[in-house]
Each structure stands twice: as structure tokens, then as C-alpha cells.
Amino acid sequence: MTGVEHSPDSAIDEFEAALVALAKTSGIIDAAAHPDVLAEMFIISAVSSTESYFRRLLSSLAAVCPLTAENIGREVLNYSAAAAYPQELLSLALLERSLFSSKGVISKEIKRFTKFEASKHRELIAAIEAFETICQIRHAAAHWRGHLDSEGAKRLGVLVARGEVYRVKLNASLVQRAFAVCDHLVRLANQELFKFTMQQWVESRYMVLDGGDEGVDIARCEKLISVFGSSAYCDEERVTAKSLMEEMRSAP
């Protein structure tokens, strides 16, 4: 065991680095003597990376967004949990008992931190539900070599026949599907939460696009970009705090 330094990368950059590494090595599944064993490992890792994204994103957002900090400001922290984290990531203590692979937890924690209601966004809630299906498969892979208990079968829409035991077919095709589901959810959540946060900042006048102190606004915008910015999906030299603010000013 070793201590971990705070990464300067955004939550989505950490996620993409992990997913790319998994994708590059997943080609060995079909050639393996026991492809189902490797498929289990890849699905478990993909789900873990997605959970880590949401944990990192929400805790990082609380450190730079006063509205998020206010939303969770009255939450009670366990002392030992609070003492375990650096000041800038103190809100991680609030997420210690949150399992983002459990049904409904992603939507619940997003709302708790930001007041954003995922249930009102059809595409995002569909992406969350698809991820939760992958989580059921991960649960089966991690705890019973892919076999489904009665509850898992029910959640996957399997009509269980009397006396039958079912097992998920763990293979390279399913792994690629899991990668796609996780990637789509993270990209969509990152985009929607960034837009929502920017809108909240403007509406609350925490960011004043016209007539305010542009230097202050740029500094605040840069902090937000550090939370949501993705080097995988945008040209970092093109997307800057200033260019983003100009784009917002010109928006209808």
C-alpha cells in the first residue's frame, strides 16, 4: 500500500486513460485459454473506472463550485473519514458509502451535489440505465463467475424457467459493449453537468459575462474547465476560458 498524490488530470481524462488502456489489451481475450476469465476482469475494470469518474467529478466540483459546496454544506461528516482526505477533496468523505454501481445511486448523488435531475433528461437516464445493466453483469462476473441469481436474472429481463440456472456469456463482444456503454455515459454526463453548472453560475451571477470583472470570470472558468475538460475530445489549445466565455456571450 502506498499514498496517492492528487492527480492534476480531470475526472474524464483519468477515465479515458483507463478505458484506452483496457481497450488496447482487450484483444487478447479471444486468444486466451479461458476467455471468460479475462472478460470478467475487463468488465469489472470498466465499471470501476466509471464509478471512479463520478466520485472524482463530484468531489472536484465541490472544491471549485460554491453552489455545489452550498448544496452539501450542511451534510454531517464522520470525523475519521474527513481526516482521511486533503482539504480540496474533503467531499470524498461524503461518498464513502456510495456505490455508483448500485441502481439509482448515480442520479441520487448527482442531484445531492448539484441539484441536477437526471430523470428529466431522457438520453442521460437511458445511458444510466444501460450502465446499471452492465453493473448487473459485473456483479454476476465478480461474485459467481457470470451466473445469475434470481434477482439478477429479473433485472436483466430473463424469464427464469423452473429449475434453470442462467449464466451470462462473458466474451470479447460483451466486453466491447460494456466499454461503449461506460464511455457513452461518462461523455454525456460530463457534457450535461458542465452545461448545467455554467448555466447555474450565470443565473446566480457568480459568473458575469457582461459588465463584470473579466479577469475574475476567466479565473473561475479555468477552474471549471480543470474539472470537466477533456483532452481526448477537444483541442486544448482551442478551448480556453476566454474562448468559452466569448462563445457563451454570443449564444442566443
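Reply: Here is a quick tour in that order. Keep in mind that this is a predicted model.

Me: How many helices and strands are in the protein?

Reply: Ten helices and two strands. From the N terminus, the order is α-α-α-α-α-α-β-α-β-α-α-α.

Me: What share of the residues is buried?

Reply: 42% of the 252 residues. The accessible surface is about 14400 Å², and carbon and sulfur atoms hold 52% of that.

Me: And the contacts, what part comes from residues 24 or more positions apart?

Reply: They make up 68% of the contacts with a separation of 6 or more.

Me: Is Cys135 buried or exposed?

Reply: Buried, with a relative accessible area of 3%. Cys221 is buried too, at 0%.

Me: Now helix α5. Why call it largely enclosed?

Reply: Because seven of its ten residues, in the stretch 105-114, are buried.

Me: Which ones are buried in α5?

Reply: Val105, Ile106, Ser107, Glu109, Ile110, Phe113 and Thr114.

Me: What do the buried residues of α5 pack against?

Reply: Four helices: α2 (35-64), α3 (66-71), α6 (122-144) and α8 (172-203).

Me: What happens just after α5?

Reply: Lys115 takes a positive phi there, about 75°.

Conventions
Residues are numbered from 1 along each chain as its sequence is written. This is a predicted model: local features need pLDDT of at least 70, side-chain atom pairs count only at pLDDT 80 or more; totals for chains, interfaces and linings use all residues. Side-chain values use heavy atoms; hydrogens and water are left out. Buried means under 20% relative accessible area, exposed over 50%, partly exposed in between (1.4 Å probe, protein chains only). Contact means heavy atoms within 4.5 Å. Accessible areas come from the Shrake-Rupley method with a 1.4 Å probe; for residues, only the protein chains shown count as cover.
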